[in-house]
Amino acid sequence: MTSSTGTDVSRETSAAPEDRPAHLARTVDAATMESELAAFKDPKLARGLIESIAKLSPAGGATLMEVCGTHTVAIARNGIRNLMPEGTRLASGPGCPVCVTSNKDIDTVIALARVPGVTIATFGDMTRVPGSTSSLLAEQAAGRSVQIVYSPLDALTLAQQNPDREIVFVGVGFETTTPLVAMAIKRAAAAGLKNFSVFGAHKNMPGALEAIINDPQLKVDALILPGHVSTIIGAEPYRFLAEKYGIPGVITGFEPVDVLQGIAMIMRQLHEGRADIEIAYARGVMPEGNPV
């Protein structure tokens, strides 16, 4: 198994599961997929990677930040923090785009909800996020029109069904959700909908990471980079972290062996005194991302 920079991950474990670039992926049924994913939960592979992490860990310890909230869940669910060598710390990063939505944006959406004839369409987790003085949930309880949707396309349906109301979809997320919102805007234009609009509050993952790296109160030695975002943007947008700031990063998946492999690859970089952006999630991420 190799990364985009040619790192031989077989050095970390002698029986690593096969990774297949997305453009070579074949169609498989659910049973086959489940069988192949089982390799990424293999205790034998996990033990080999844990041993590699311990062997390569810097003597003075290191702080690794997992950027993605799904990685945080995977790390907690599998007890990975407790498996790290002494002095190695896994810190949780910005993770959830809802949690990093600014008060200013929440207040603006609340103000829009109070405009007569406007319906706010949003994901359920956004309704509970507090602004300066209120929340969308509180506005809904006060009689404002706030509709929970599961997709931007649901908001389009609302617009079609309610031509007398302005439907404002609250667009939040990192690069993973941005294409879906863009598609909804294009479909609204194609359908000639005049009562559909988007309040865009999307975040840019590389920009968020640069803000973290430049925070003088934080000390981060390396980054466990997000799998979902990287399926869209690839590896290149992170390259500045290594070249400008000397921060190693590895894009990895979400199964236990995925996470441990990513950490092992980071430890090897630290051990060798280099900073690169590598891919440990080749079955899901191509270096160039997904241009389509």
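Trainee: At what angle do the axes of helix α2 and helix α11 cross?
Mentor: The axes of α2, residues 43–56, and α11, residues 256–272, cross at roughly 25° and come within 9 Å of each other. Axes here are lines fitted to C-alpha atoms, for helices over the stretch in contact, with angles from 0 to 180 degrees between N-to-C directions, and helices (H or I, at least four residues) and strands (E, at least two) are DSSP runs numbered from the N terminus.

Trainee: What should I keep in mind about the model itself?
Mentor: This is a predicted model, in which local features need pLDDT of at least 70 and side-chain atom pairs count only at pLDDT 80 or more, while totals for chains, interfaces and linings use all residues. Residues are numbered from 1 along each chain as its sequence is written, and side-chain values use heavy atoms, with hydrogens and water left out.

Trainee: New topic, what is the order of the open sheet of five strands?
Mentor: The order is β2-β1-β7-β8-β9, with parallel pairing, and strands pair if DSSP finds at least two bridges between them. At the edges are β2 (88–92) and β9 (277–279), each of which pairs on one side only. On average, neighbouring strands in this sheet are turned by 20° against each other, direction ignored.

Trainee: Which strands does α11 touch on that sheet?
Mentor: Helix α11 packs on the sheet and touches β1, β2, β7 (222–225), β8 (249–251) and β9, and its direction makes about 155° with that of β8.

Trainee: How many bridges pair β1 and β2?
Mentor: Strand β1, residues 62–66, pairs with β2 in the parallel sense over five bridges. Within that pairing, Met65 stands opposite Ala91, and Glu66 stands opposite Ser92.

Trainee: What about the sheet of four strands, what is its order?
Mentor: That open sheet runs β4-β3-β5-β6, again with parallel pairing, and its edge strands are β4 (146–148) and β6 (196–202), each pairing on one side only. Its neighbouring strands are turned by 25° against each other on average, direction ignored. Strand β3 (residues 118–122) and strand β5 (residues 166–173) pair over four bridges in the parallel sense, and the partner of Thr119 in β5 is Ile167.

Trainee: Which helices pack on this sheet?
Mentor: Helix α6 touches β3, β4, β5 and β6, and its direction makes about 175° with that of β5. Helix α7 touches β5 and β6, with a direction at about 160° to that of β6.

Trainee: At what angle do α6 and α7 pack?
Mentor: Helix α6 (residues 152–161) and helix α7 (residues 178–191) pack at about 25°, with axes 9 Å apart, and they are therefore roughly parallel to each other. Pro152, Leu153 and Leu156 in α6 meet Leu180, Val181, Met183, Ala184, Arg187 and Ala188 in α7, a contact with eight nonpolar, no polar and one charged residues.

Terms used: Parallel < 35°, antiparallel > 145°, perpendicular 65-115°, else oblique. Contact = heavy atoms within 4.5 Å. Nonpolar A, V, L, I, M, F, W, Y, C, P; charged D, E, K, R; others polar.
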